[in-house]
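Good morning, colleagues. Please bring up the sequence and the structure on your screens, and I shall then take you through the helices and a few individual residues.

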Amino acid sequence: MIDRDDVMTKVPAVTLGFWIIKILATTLGETGGDTVTMTMGLGYLVGTAIFAALLIGLVIAQIAADRFRPWLYWATIIASTTAGTTIADFADRSLGIGYAGGSALLLGCVIASLAAWRMVTGSVSVATVRTPRAEAFYWLTITFSQTLGTALGDWVADDTSLGYGGGALLFGALIVVLALAYWRTRISHIALFWAAFILTRPLGATVGDFLDKPVADGGLAFNRSIASALLAVAIVMLISVIPQRAGRYPCEAAV
């Protein structure tokens, strides 16, 4: 039997399917954001304005929803990761603070958001995401984490010798380590969730860049628009096939 907390929680159960869709969504965020800012030539500032407006509208709809609605939830996730792409690119490149500076700034924003969330609600567990206040913190933290992930992915891919493929392997390996820690250690599941959530973004960023960057730069030179369309179709199919339900999460002590 599903208890009342399961029904009222407005985020999905964290399953393997959740992580697969999340990684595809972050990859789509990278290729989709680059399609608007680079391929269409609108630039980082205009792209940020477009996707930020879309994200704000979807977050308002998400908070106003009476229960967990899968299509609305995943649309908001995609909007957050696409906005994160353009925001990070604008900060790193247009403002000139660089990947390292952008990553440090955004890490501070994530930490500050989590600290404020804990101070106000007593916990940063996603099990609390069933009130407007908790939802507001949830989506603020997610947006910061998506933006941080973009900057971190670009930093590793562009400023180290790993490149896009090596960066994807690195972040994928780190996520595997977190999964093992979840099952094999007593580390807080809440802390591990947020660490994994953040790391899926640079994984998606490096995979997305690997798909659409020129061969000379270490990519596969796929058309960004086509890659984005294929990723969107894959996400729609997975949401349709994988059971989508509100999740019941470990209600650990506040962290």
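This is a predicted model: local features need pLDDT of at least 70, side-chain atom pairs count only at pLDDT 80 or more; totals for chains, interfaces and linings use all residues.

L55 has a relative accessible area of 8% and is therefore buried, since that value is under 20%. L55 belongs to helix α3, which covers residues 43-64. If we set aside the neighbours within four places in sequence, the contacts of L55 are T76, A79, S80, A83 and T143. For a sense of distance, L55 and A134 are separated by 79 residues in sequence, and their C-alpha atoms lie 17 Å apart in space.

Let me turn to a second residue, W71, which is located in helix α4. Is W71 buried or partly exposed? With a relative accessible area of 49%, W71 counts as partly exposed, because the class lies between the limits of 20% and 50%. Not counting residues up to four places away in sequence, W71 touches V236, I239 and S240. W71 and A104 are 33 residues apart in sequence, and from C-alpha to C-alpha they are 33 Å apart in space.

I come now to helix α4 as a whole, residues 70-94. The helix has 25 residues, and the distance from its first C-alpha to its last is 35 Å, close to the 36 Å expected at 1.5 Å a residue. Of these 25 residues, 18 are buried, so α4 is largely enclosed by the rest of the structure. Just after α4 comes G96, which takes a positive phi of about 75 degrees.

The next element is helix α2, residues 16-39. Its 24 residues should span 34 Å at 1.5 Å a residue, and the end C-alpha atoms are 33 Å apart, which agrees. Here 18 of the 24 residues are buried, so α2 is largely enclosed by the rest of the structure. G41 follows α2 and has a positive phi, near 75 degrees.

How do α2 and α4 cross, and at roughly what angle? Their axes come within 8 Å and cross at roughly 50 degrees. The two helices are therefore oblique to each other. The crossing of α2 past α4 is right-handed. Classified by residue type, this contact comprises nine nonpolar, nine polar and five charged residues.

Helix α2 also packs with helix α8, residues 189-212, at an angle of about 45 degrees, and the axes are 7 Å apart. The crossing of α2 and α8 is right-handed. The residues of this contact divide into 10 nonpolar, seven polar and six charged.

Helix α8 has a further partner to consider, helix α6, residues 132-159. The axes of α6 and α8 come within 7 Å and cross at roughly 45 degrees. That makes α6 oblique to α8. Their crossing is right-handed. Which residues of α6 meet α8? Among them are Y138, I142, L148, G149, L152, G153 and A157, and the residues they face in α8 include W194, F197, I198, P202 and A205. By class, the contact of α6 with α8 has 10 nonpolar, seven polar and three charged residues.

The buried residues of α5 are Y99, G102, S103, L106, V110, S113, L114 and W117. These buried residues pack against α4, α6 and α8. After α5 comes G122, whose phi is positive, near 90 degrees.

I close with one backbone detail. Most residues other than glycine have a negative phi. A221 is not a glycine, yet its phi is positive, at about 60 degrees. Where is A221 found? A221 sits in the loop between α8 and α9, the latter being residues 224-241. Its relative accessible area is 45%, so A221 is partly exposed.

Note on methods. Residues are numbered from 1 along each chain as its sequence is written. Side-chain values use heavy atoms; hydrogens and water are left out. Axes are lines fitted to C-alpha atoms, for helices over the stretch in contact, and angles run from 0 to 180 degrees between N-to-C directions. Helices (H or I, at least four residues) and strands (E, at least two) are DSSP runs, numbered from the N terminus. Angles under 35 degrees count as roughly parallel, over 145 as roughly antiparallel, 65 to 115 as roughly perpendicular and the rest as oblique. A crossing is left-handed if the near helix is turned anticlockwise from the far one by less than a right angle, and right-handed if clockwise. Ala, Val, Leu, Ile, Met, Phe, Trp, Tyr, Cys and Pro count as nonpolar, Asp, Glu, Lys and Arg as charged, and the others, Gly among them, as polar. The expected span of a helix is 1.5 Å times one less than its number of residues. Buried means under 20% relative accessible area, exposed over 50%, partly exposed in between (1.4 Å probe, protein chains only). Contact means heavy atoms within 4.5 Å.
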